[in-house]
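Here's a quick tour of a protein model, with a look at its confidence, its helix packing and its charged pairs. Have the structure open while you read.

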Amino acid sequence: MFPNYDYLADIQDTLMAMDESAACEIVSLSWGRLIFPAEIAESLWGGATVEAETHPDVTMLFSDIVGFTSICSRATPIMVINMLESLYRDFDEFCGFFDVYKVETIGDAYCVASGLHRASNYDAHKVAWMALRMLEACTNHHTHDGEHIQMRIGLHTGTVLAGVVGRKMPRYCLFGHHVTIANKFESGSVARKTNVSPTTKEWLVKYPGFKFELLERDPSCLPKDYPNAGNSTCYFLTGYKHHGVAEDEPLDNHIKAAMKQINIELGRPTEASEPTE
């Protein structure tokens with residue numbers, strides 16, 4: 001995983017004013033917060049045992065780069081690393097803005113989840129907005145031979161089991177049937193598209209005032225082992241418009257207005273949600 005460099009710079013400034021033993025404790029906790037949800041990091045740092053828990057209505061995002069194997073075959077290792085580091089630095093910033101948890105980065109697969117901790121009615125919304133921003137960010141990133149990076153994304157909402165696995169290099173992992181299904185919605189997507197499951201779509205349209213643009217797909221596009229009760233189908237997420245922002249404003253302004261709205265409703269800080277010039 002690539003670290004949040006601004007966050008690490010703040011840590012470094014703090015360490016300069018502390019003695020060595022206290023500094024080591026801050027480093028341990030700070031790095032823990034980069035790879036675990038904050039509450040889990042603090043429990044582990046305090047020596048507590050973290051029990052595995054079941055979390056309902058977790059929205060997961062799975063993504064990969066279309067043609068990644070071909071890109072790797074034509075590029076040197078450092079070219080691939082530089083490409084991923086540049087792209088995933090943007091994605092990591094999105095995780096902080098939307099307050100979603102980065103689950104794992106393996107090769108070209110980038111995965112996040114929302115609803116594990118500080119769950120709200122808008123976890124699916126935040127993940128959907130992040131998917132839109134990810135696809136938009138890809139237009140600003142290129143492969144080593146100058147081609148735009150193309151990603152495909154899948155979203156799904158369901159119950160997961162989450163817990164800390166391992167001792168030497170522990171990880172906070174997600175398990176369960178719905179994790180597998182979320183991955184299949186990604187593999188069932190196409191380049192520059194976000195494939196949305198029926199359960200995620202239900203959450204996106206559940207509350208008024210949020211205008212997600214969804215394109216219905218044929219039911220045959222559902223994963224074969226998806227429990228298709230009621231003849232539901234999946235959707236492509238094509239955009240988002242906020243009622244308080246002019247239609248022709250950039251996507252970023254629509255999403256920031258929505259984030260400000262839900263942060264006010266949830267009683268969370270809104271400074272990060274202010275649209276920038």
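## Confidence and helix packing

This is a predicted model, and its protein chain averages a pLDDT of 85, with 84% of the residues scoring at least 70; pLDDT is the predictor's confidence in each residue, from 0 to 100. Over residues 1–5 the pLDDT is below 50, yet the model gives this stretch 16 contacts beyond near neighbours in sequence (contact means heavy atoms within 4.5 Å). Residues 272–277 also stay under 50, with 13 contacts beyond four places in sequence.

A word on the ground rules: residues are numbered from 1 along each chain as its sequence is written, and side-chain values use heavy atoms, leaving out hydrogens and water. Local features need pLDDT of at least 70 and side-chain atom pairs count only at pLDDT 80 or more, while totals for chains, interfaces and linings use all residues.

Helices are DSSP runs of H or I with at least four residues, strands are E runs of at least two, and both are numbered from the N terminus. Axes are lines fitted to C-alpha atoms, for helices over the stretch in contact, with angles from 0 to 180 degrees between N-to-C directions.

| Helix pair | Axes come within | Crossing angle |
|---|---|---|
| H6 (residues 123–138) and H9 (residues 251–266) | 11 Å | roughly 160 degrees |
| H5 (residues 77–98) and H6 | 10 Å | roughly 155 degrees |

H6 and H9 are therefore roughly antiparallel to each other (angles over 145 degrees count as such). On the H6 side, Lys126, Trp129, Leu132, Arg133 and Glu136 meet H9 residues including Leu251, Ile255 and Met259. By class, this contact has seven nonpolar, no polar and four charged residues.

H5 and H6 are roughly antiparallel too. Here Leu87, Asp90, Phe91, Phe94, Cys95 and Phe98 of H5 meet H6 residues, among them Trp129, Met130 and Met134.

## Salt bridges

How many salt bridges are there? The count comes to 12, taking a side-chain nitrogen of Lys or Arg within 4 Å of a carboxyl oxygen of Asp or Glu. Arginine 152 lies in strand S4 (residues 151–165) and aspartate 64 in strand S1 (residues 53–65), so the pair ties together parts 88 residues apart in sequence.

Methods: Parallel < 35°, antiparallel > 145°, perpendicular 65-115°, else oblique. Nonpolar A, V, L, I, M, F, W, Y, C, P; charged D, E, K, R; others polar.
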